[in-house]
Each structure stands twice: as C-alpha cells, then as structure tokens.
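Morning, everyone. Please look at the screen while I talk you through one structure.

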Amino acid sequence: MQLRTDCKNGKKLSALGFGCMRFPTSGGRIDVDASEKLILSAVQRGVNYLDTAYAYNGNEAALGEILARNPGLRDKVNIATKLPIPRCQTQDDFDTYLSRSLERLGTDHVDYYLIHNVTSAGAWERLEELGIKEWARRQKEAGRIGQIGFSYHGCEADFPTLLDSYDWDFCQIQYNYMNEHYQAGTAGLKAAAERGIPVIIMEPLLGGKLASELPAAAQTVLEQANISTDPVRLALRWVWNHPEVTLVLSGMNAMQQLDQNIETANAALPCSLTAEEARAIEIARAFIAERYKVPCTGCGYCLPCPKGVNIPMCFAAYNTSFAHGWYQGMHQYIAASGAMEGKAHFASDCVQCRACQKKCPQHIDIPKELISVKRRLQVPGLPSIVRLGTRFMTR
C-alpha cells in the first residue's frame, strides 16, 4: 500500500482510506458480517484509516462490533469520526457526543476527530462562542482525541478563513475532477497544503457518479491518450496525482471495489500523470459535465422527505437520463418512486417546504431541481398509472 505522511504528526497513512458510510446492507440494516470481511481484507493489505461519523445511522456501532470481534485490530488502524455540530447547543453537548461515539466504537480515543459538515465561517464562530477551542484542548490533553480537524461543505471564499481560525491538525474536503472549482476546490487544497495542514479527500467519485460508464466522446479522447477508460481508476488517479493530497476516502461495499481501489492506490503516485494525460482528462471532463446536471452525491442528508420523495434517487435518475438515455432514466425514476414496494412518491409530490435544502451539504436548490426532474421524466398521468398498476400487482 502506498503510504503518505501526515505532516502534522509524522504518521504514515495509507493513501486509500476506508469510508464506512456506505457499508453493505441487508434488509435495510448494516450487514456487519459482510462489512467485517471488507475491513479485515483492507487492513491486511495496508489500509490503516477508517472513517465514520456519529450521524451515520448505525455506522459507529457496526464498526465498534467489528473491532470487538477482532482483538488487536484497533491498534492497526486510525479511527476517524465526527461531531454532529447542528445538535450541539452547549459545551456539554461536545462531551456527550464524543462520549457516545467512543462508547459505540468501543475505544477510549479517536485518532482523527472532525467537526462535521462545516458550511461557513459563521458556523465555526458559533462553536467558538460555545468554547470548542478550550474543549478540544482538554480532550487532546486527556488523550481522548488525537488530531482535531473539520470536514468542509461551504463556499470557496470561506475556506481560507476557516483554515486560519484555529491550529487545525487536518481538514477534509470534497474533491474530484468534476469539482475543481466547487466548495474548497483546488484553491482550497493548495491553501491547506501551504499552511502545512494535511488534507483528507472525500467524494473522489462524486458519490459514485464518476464510477458509471463514461460518455463515448470522453472514452475516445482518453483512449487516444492511452489512458485507462475505467472511470473509477481514472477518477482516483486524478485525485492521487496531487501531491497536496494526504489520503483519499472511498466508500467500498463490495470486495471487487476494494480490490480495484487498492490496486489503483498502489500505482497512483503524486505527479504521475503526464501533461498529455492531464489534457485528455480536461477535455473528457467537458463531455462528462454535459451529462450530469445535478451535483448530488447521494449522501441522503436531505432525507427523510415529509412527502416520501426519494430525493437522491430522483436526481440519480435525472442524471442517468442525460448520461445514458431517457428510457433508462425513466426506468430508474419509476424505481426511485418506490412503486415496486407499493408506495409511489414522485418529484411532483414536493410541496416546496425546503426542509431538505437546509440539510444539503452540496447546497443544491432541491425543490427547484425536483421541478426539472418532473419536467423531464414525469410524463402526464404517470403517478396515476403507476399507482393503479401497483394496486393490481398487490392484490
């Protein structure tokens, strides 16, 4: 496994980190047995960074069970988890949520602790007023926290302000070849590196969007430059090519994904893309951008919708309709409605309450985009037709 150095503490971190948010599931619950196999295989092959969060439903507890089943595993890995800042109204809440995370994980310390989903300088200022700096100092002195950092989902302009607001041990940003100028972006990556702050990358595949088949025009450009047209390898190679990147997280839920990502991680060294390859990727990116209209990563933070709309799946279907054809998108949209389970909810059910928009880390105007979904995929009478068909199928 390729190792990169945490420039703050000198630790050697695996270039590939395991994002636990997308553990495999069965019957709507995390499949701990399947997750354990993936974690053990990853660690055996050199992965030493496991990322979870308090807010990931059942995730910390599942990881804690895996650690408990395998004595000695905890000492081989760095655990990262996150403080749910919207729930913190007093300094006591910081203690409460850290303690609960430690209990779920079955450990007495977190190696990398993140202030989760910071969206603006103002969000950090609110935490400062609650005394988070002094609290963090005490936790580090007590050994309950190793490194303190933050995950960022705000605008590019606020990011340098946040970097300078505290003596951070690391930061975590969304970064991929479609998001060079989105949120922290390339400018933010370089700004953190210039300050000697390690950078953890999330969403290198844009929530899996960059793992699907590339448009034909993009494939042609890449083939002419002798670049692998496998979309996953391409996306990961591009991120790892940046020497400022310390570690890249990937949410792997199948052994095939793990195998491929580890193979890619071992070969994707900093500055290994040639100038010709970089130009080809730039051209290919333009073709890909034409096909993906909504930058939804499928994180699910917007859910549950009070009207039952599966917002991420609606956007996935919408993007699919441009990337792979209207009929495929329509098929996906009907599946997204939940019709096959007997409960159909469509984009047209949105009542513009905007509860979802407040929770979206990508700052997508969700109600507006759902109107676009409706216009493209919801043919006249579709809800009635689907609901009528569902009624007959369930008799």
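Which strands make up the closed barrel? There are eight, in the order β3-β6-β7-β8-β9-β10-β11-β12, with parallel pairing. From one strand to the next, the twist averages 30°. Strands here are DSSP runs of E, at least two residues, and helices are runs of H or I, at least four, numbered from the N terminus. Two strands pair if DSSP finds at least two bridges between them.

A word on the source. This is a predicted model; local features need pLDDT of at least 70, side-chain atom pairs need 80 or more, and totals for chains, interfaces and linings use all residues. Numbering starts from 1 along each chain as its sequence is written, and side-chain values use heavy atoms, without hydrogens or water.

β9 (residues 145-152) and β10 (residues 170-174) run parallel, joined by four bridges. Ser151 has Gln172 of β10 as its bridge partner.

Now the inside. What is the size of the largest nonpolar core? It has 87 residues. Such a core is a set of buried Ala, Val, Leu, Ile, Met, Phe, Trp, Tyr and Cys residues joined through side-chain atoms within 4.5 Å. Buried means under 20% relative accessible area, with a 1.4 Å probe and protein chains only. Phe18, Phe150 and Ile173 are among the residues with the most contacts inside this core. Helix α9 (residues 231-240) gives the largest share, seven residues. Another core, of 23 residues, lies apart, and includes Cys296 and Val373.

Last, Phe18. Beyond four places in sequence, its contacts (heavy atoms within 4.5 Å) include Phe23, Tyr49 and Met252.

Definitions and conventions
Axes are lines fitted to C-alpha atoms, for helices over the stretch in contact, and angles run from 0 to 180 degrees between N-to-C directions. Buried means under 20% relative accessible area, exposed over 50%, partly exposed in between (1.4 Å probe, protein chains only).
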